[in-house]
Amino acid sequence: MAESRTPPGEGAMTSQACREALEQVFFHDLLNLVEGLDGIAWRLLAARATPEAAAGQLRDLACRLVDEIQNQRILLGVDAGGLGVDRREVEPSTVLETVRAIFAQHQVAEGRRLELRQGPAGSLATDPVLLTRVLVNLVKNAFEATPEGGTVRLWHEWREGRRGFLVENARGMAPAVAARIFERGADPGGRPGRGLGTYSARLLGERYLGGEVGFSSPPGGPTRFFLWLPDPASGGGAQAGREETVLMGPEPGPGDGCAPPYEADTLLVIDDSGTVRRLLGNILDRQYRVLTAASGEEGLAMALEHAPDLILLDVMLPGMDGFAVCTRLKADSRTREIPVLFLTVLSGEGDEMRALEAGGIDFIPKPISHAVLCARVRNQLALKRTQDRLRTLSLLDGLTGIANRRRFDQYLEMEWQRCTRSGHPLSVVMGDVDFFKAYNDGYGHGQGDECLRRVAHIFSLALRRPADLAARYGGEEFVCILPETDADGARIVAEQIMVGLARLGLPHAFSSVAGQVTVSVGVATDLRPSVGRTARHLMEEVDSRLYEAKRTGRNRIVGLT
Ligand code: GH3
Ligand code: MG
């Protein structure tokens, strides 16, 4: 084997010993597969298998035979120094499918699950056989490290003009194994004859495909191997995946503690340095979904589009600098709540003050320390989750779970302005429970509370559109905001509330108007909210109609046109 083709760290086995170990594995696997073929023929002859089932098994075995032979051919080519690279346009989804087919009946995958996630569509120029080989080796190792009932994940990403293929299993790797993982003959699992998988994955991925192969394996897992291939044709920039997940194998078992990478928090890194973007991506994408932008303008657009949970923002950016980007983020209600961590070589108190004034929440000093980065990101995300939860809670009514008065006031103001701009009508429906004091007195406050929950539910059910909102206005008063809804639409909602309550039929023995719980309802519509009029006018109108409904006998709607 030519010295120039030997990666650093090699030397755990001589080339000759390695060749022999490899041949042993090859012939062992080959014999297994041929025995499998024989077994299928036998079952067919003995009528123990249907032709359909046998055909499926035959295809799987043929797929694995081809794979074994390809493996052998490639390694022979590497050893002889004459492996050719046959680059052509390849669809990553096809490669992932081939890997799935290879493991469909593979012993190593028995009782385990392979989860594929197809990334963005579009081809890349590479050698499909070598690419498949790299992935099969990585997936095989991941299966070997996965207990029964566990899951191995394989997915494809597109970032910064590179195509990534990632393989993950839930467990961490022992440091001693991790240290020698790419050495030829190093045996990750203690099985005889193996130990070529990661070695050849790196050799093929880096020397022949021109990519980068590596892994991350924090204590406690997960272990993630990656192959990043250059793809200049992609033009850079992150692209959204097709979110298509293909599953193979049983449902995940209780021991499979690996969180799916694509349900993780989303981080947006805005830095003009490709090295910093890649470094942060490599560190953070073990746990988070990492998006990157190379300029302030691109970062602002991505923040709007993806609503990340946290932004890591470089101070020194060409054009719009980090302070300006942060100020813009904080000025927009859609991005205001996203915490911003500045990445900076701190040059003194002045910079720090400017960053804080612009709305930044903390700093990550450059040069970036792995531990500081991870700790600050983790802390800020935990804080944001708590704040999000509090924000949501502060807008909900504690008793009924629907929007509270505060949320109602905010939403009405926002929708009033929107309808003023667009010239669309805006309607409000307000209802008040009849003789509720008597209900409380007769049935007790506990049942009174339960009654209010039921009524709130009826108001929510009456809504038709996502923009409609039902809220508890106070005590036993409920209200619906119906944007872009005229009087006819509002009438339908009001009638729906009456019908819903009648169907619910909650007994109310202390009501003077009916034997069950009823409401009086006012409806008001502003056909074209106009300058000079305010939402308060509309509320006064609906309130006086509700009063009228009470005055004229209760259990009715006033304000219908
Ligand atoms: P009307 O038909 O004219 O609306 O008479 P009413 O008895 O419904 O109206 P009134 O305003 O006299 O009484 C409302 C009652 O609602 C009094 C108050 O104790 C009760 N109430 C307000 N909030 C709650 C609550 O959260 N839970 C319970 N159980 N009762 C509440
Ligand atoms: Mg009442």
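## Ligand 1 and its shell

A backbone N or O atom of Lys437 sits 2.8 Å from an oxygen atom of ligand 1, a polar contact in the sense used here (a pair of N or O atoms within 3.5 Å; within protein, one must be able to donate a hydrogen and the other to accept it, and residues adjacent in sequence count only if both atoms are side-chain atoms). Keep in mind that this is a predicted model, where local features need pLDDT of at least 70, side-chain atom pairs count only at pLDDT 80 or more, and totals for chains, interfaces and linings use all residues. As for bookkeeping, residues are numbered from 1 along each chain as its sequence is written, chains are lettered from A and ligands numbered from 1 in the order in which they are written, and side-chain values use heavy atoms, with hydrogens and water left out.

On its own, ligand 1 has 660 Å² of accessible area, and the protein covers 67% of that (areas come from the Shrake-Rupley method with a 1.4 Å probe; for residues, only the protein chains shown count as cover). Which residues come nearest to ligand 1? Of the 17 around ligand 1, they are Phe435, Phe436, Asn440, Asp449 and Arg472 (a residue is near a molecule or strand if one of its heavy atoms lies within 4 Å of it).

Looking at where the shell comes from, β14, α13 (436-443) and α14 (445-461) each supply at least two residues. The largest share, 4 residues, belongs to α14. Helices (H or I, at least four residues) and strands (E, at least two) are DSSP runs, numbered from the N terminus.

## The magnesium site

Glu476 turns up again at ligand 2. This magnesium ion is coordinated by Asp432 (OD), Val433 (O) and Glu476 (OE), at 1.9 to 2.3 Å. Its donors follow the spacing D-V-x42-E along the chain. Asp432 lies in strand β14 (residues 426-433) and Glu476 in the loop between β15 (469-474) and β16 (477-483), so the pair ties together parts that are 44 residues apart in sequence. Donors here are N, O and S atoms within 2.8 Å of the metal (3.2 Å for Na, K and Ca); water is not among the atoms, so sites may look incomplete.

The cut-offs are under 20% relative accessible area for buried, over 50% for exposed, and partly exposed in between (1.4 Å probe, protein chains only).

## The sheet behind the site

β14, β15 and β16 belong to an open sheet of 5 strands, in the order β15-β16-β14-β17-β18, with mixed pairing. β15 and β18 (557-558) stand at the edges, each with a single partner strand, so one side of each is left without a neighbour in the sheet. β15 and β16 run antiparallel and are joined by 5 bridges; two strands pair if DSSP finds at least two bridges between them. Within this pair, Ala470 has Cys480 in β16 as its bridge partner.

Over in helix α13 you'll find Tyr439, which is buried with a relative accessible area of 3%. Tyr439 and Cys451 are 12 residues apart in sequence and 9.1 Å apart in space, C-alpha to C-alpha.

## Buried strands elsewhere

In strand β2 (residues 113-118), 6 of the 6 residues are buried, so β2 is largely enclosed by the rest of the structure. Arg113, Glu115 and Arg117 point one way from β2 and Leu114, Leu116 and Gln118 the other way. β2 runs parallel to β4, with 5 bridges between them, and Leu114 stands opposite Val152 in β4. Glu157 is also in β4 (residues 151-159), and counts as buried at 18% relative accessibility.

Strand β10 (residues 289-293) has 4 of its 5 residues buried, so β10 too is largely enclosed by the rest of the structure. β9 (residues 266-270) pairs with β10 in the parallel sense over 5 bridges. Between them the chain passes through helix α7 (residues 274-284), and this β-α-β crossover is right-handed (with the strands pointing away from the viewer, the path from the first strand over the helix to the second runs clockwise).
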